[in-house]
Amino acid sequence: MAGPAYIADPPDAVRAVELDGLTALFHRPSGMTHILAAPAPQILAALAAKAGDAEAILARIGERFEIEAEDPAAAIAARLAELEAAGLVRRA
Amino acid sequence: MKHRLDLRIGPVSFRIGSDWRSPLDALRRLYETYPEPDPVADFTVRLEAERVWRRWLRPSVAIRGDYVLPDAAPMALAHGLLAAEMGMNLQMALGQKRFLLLHAATVEKDGRALLMTGESGAGKSTLAALLGERGWRLMGDEFALLDLADGRLHPFPRAISLKNRAIALFDGVAPDRLGPLLADTPKGTIRHLRPGAEAIARMDEPAPPALILFPRYDPGFARAIRPVGAAEVFVRLTQASTNYVALGERGFAALAGLVAAIPARAIDYADTDMAAALVEELWDQ
């Protein structure tokens, strides 16, 4: 098990701009702006209208994106908790 | 109201009403070379007696208008000109919806604009005024108006409010460009400076931005130039905007477009000549 499953809003709910390796993201449902560092934008994209837990996310983004952590699933779980607090993902 | 004055500054028209004649007389003198105002005002500012009898007895000016800060302290009538200027600032800060409003100074050269923003006291207003006397076109010392559609900056060349030690730097300008010396205001001693003739003549002429500077002033600073990452520029400009949140996605798009396209630097300086030299050096790069 890799913790609870989450889901994010569909891709058209956000507008994202790359700024020097960070991502400025406008979240349309809340009208809030967020500045995200990798792998948060990749996690959001992996969860857009498609629920998954940390292991599932790792499987979805692992091919294209390398998570630099001893325990990648745990690192993703930690980012998920932050994204939940920011209102960008919710429990599925 | 008893007295009235209409003003147009760049793309924004104001109607200023007052219970007293003196603040409007001072304002009229300061803006006498500005073009004819539009018949319809974007914003209304009212300088009102706090209580009816306070129109005569220890007169005290309350700043009112389309948008009001409930806890704004009334000001002495002697500072009525400052109250009018603050009233115009307030209407812009709270009510402007056509542009992304950045608390920043803007100057233009060679058809391109330099945007300077920073904490209060960073000296951006003084620096912009100084550059305006040294071959740059002053577009505004207080608010930069970012066009939501095409990303250009629109001039808003209000009278510059010179504060405390900055006042002496402009002793050499034509006396008719200076307002009265206002002592003991909430911001210290203030004197307004009318921008140069070119700034007023070209106040309908926007310019695309070319450089963003974050100046920092301290008499003890050594001269320094630092790059600023785009994400930091973005965050600092959202903080420098009075209407970023209100504009929603349009504000995000305009600001992201600006930040992605325009280089930014932070500069430290110890006096205005050093700052002006730094600006010229960065502009030439």
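Author: Start with pairing: two strands pair if DSSP finds at least two bridges between them. This is a predicted model. In it, Thr106(B) has Gly140(B) of β9(B) as its bridge partner.

Reader: What makes β7(B) and β9(B) a pair?

Author: The count of bridges does. Strand β7 (residues 105-109) of chain B is joined to β9(B) by 3 bridges. The cut-off is at least two bridges, so the strands pair. They run antiparallel.

Reader: Which sheet holds these strands, and in what order?

Author: An open sheet of 6 strands in chain B, in the order β9-β7-β8-β15-β17-β16. The pairing is mixed.

Reader: Why are β9 and β16 of chain B called edge strands?

Author: Because pairing needs bridges to a neighbour, look at each side of the strand. β9 (137-140) and β16 (224-227) of chain B each pair on one side only. Neighbouring strands of the sheet are turned against each other by 25 degrees on average, direction ignored.

Reader: Which helix touches β9 of chain B?

Author: Helix α3 (residues 124-132) of chain B packs on the sheet. It touches β7, β8 (112-116), β9 and β15 (209-217) of chain B. Its direction makes about 25 degrees with that of β7(B).

Reader: What about helix α8 of chain B: which strands does it lie across?

Author: Helix α8 (residues 272-284) lies across β7, β8, β15, β16 and β17 (264-269) of chain B. It runs at about 155 degrees to β17(B).

Reader: How do α1 and α2 of chain B cross?

Author: The axes of α1 (residues 22-30) and α2 (residues 80-95) of chain B come within 8 Å and cross at roughly 70 degrees. The range 65 to 115 counts as roughly perpendicular, so α1(B) is roughly perpendicular to α2(B). Ser22(B), Pro23(B), Ala26(B) and Leu27(B) of α1(B) make the contact with Gly80(B), Leu81(B), Ala83(B) and Ala84(B) of α2(B). By class, that is 6 nonpolar, 2 polar and no charged residues.

Reader: Where are the domains of chain B?

Author: The domain assignment gives domain 1 (3-95) and domain 2 (99-158 + 195-284) of chain B. Their C-alpha centres lie 26 Å apart. The contact takes 9 residues from domain 1 and 12 residues from domain 2 of chain B. On the domain 1 side, α2(B) gives the largest share, 3 residues. That side has 6 nonpolar, 3 polar and no charged residues.

Reader: How do you know that chain B has the radius of gyration of a compact globule?

Author: Set the value against the rule. A compact globule of 285 residues would have a radius of gyration near 19 Å. Chain B has 19 Å, so it agrees. Its C-alpha trace spans about 60 × 40 × 35 Å along the principal axes.

Reader: And what does that rule give for chain A?

Author: For 92 residues, it gives a radius near 12 Å. Chain A has 12 Å, so it agrees too.

Reader: How many residues of chain A are in contact with chain B?

Author: 11 residues of chain A are in contact with 12 residues of chain B. On the chain A side, β2 (14-19), β3 (22-27) and β4 (32-36) give two or more residues each. That side has 6 nonpolar, 2 polar and 3 charged residues.

Key. Residues numbered from 1 in each chain as written. Chains lettered and ligands numbered in written order. Predicted model: local features only at pLDDT ≥ 70, side-chain atom pairs only at ≥ 80, totals over all residues. Axes fitted to C-alpha atoms, helices over the stretch in contact; angles between N-to-C directions. Helix = DSSP H or I, 4+ residues; strand = E, 2+ residues; numbered from the N terminus. Parallel < 35°, antiparallel > 145°, perpendicular 65-115°, else oblique. Contact = placed C-beta atoms within 7 Å. Nonpolar A, V, L, I, M, F, W, Y, C, P; charged D, E, K, R; others polar. Domains from an automatic or database assignment. Rg over C-alpha atoms; globule rule 2.2 N^0.38 Å.
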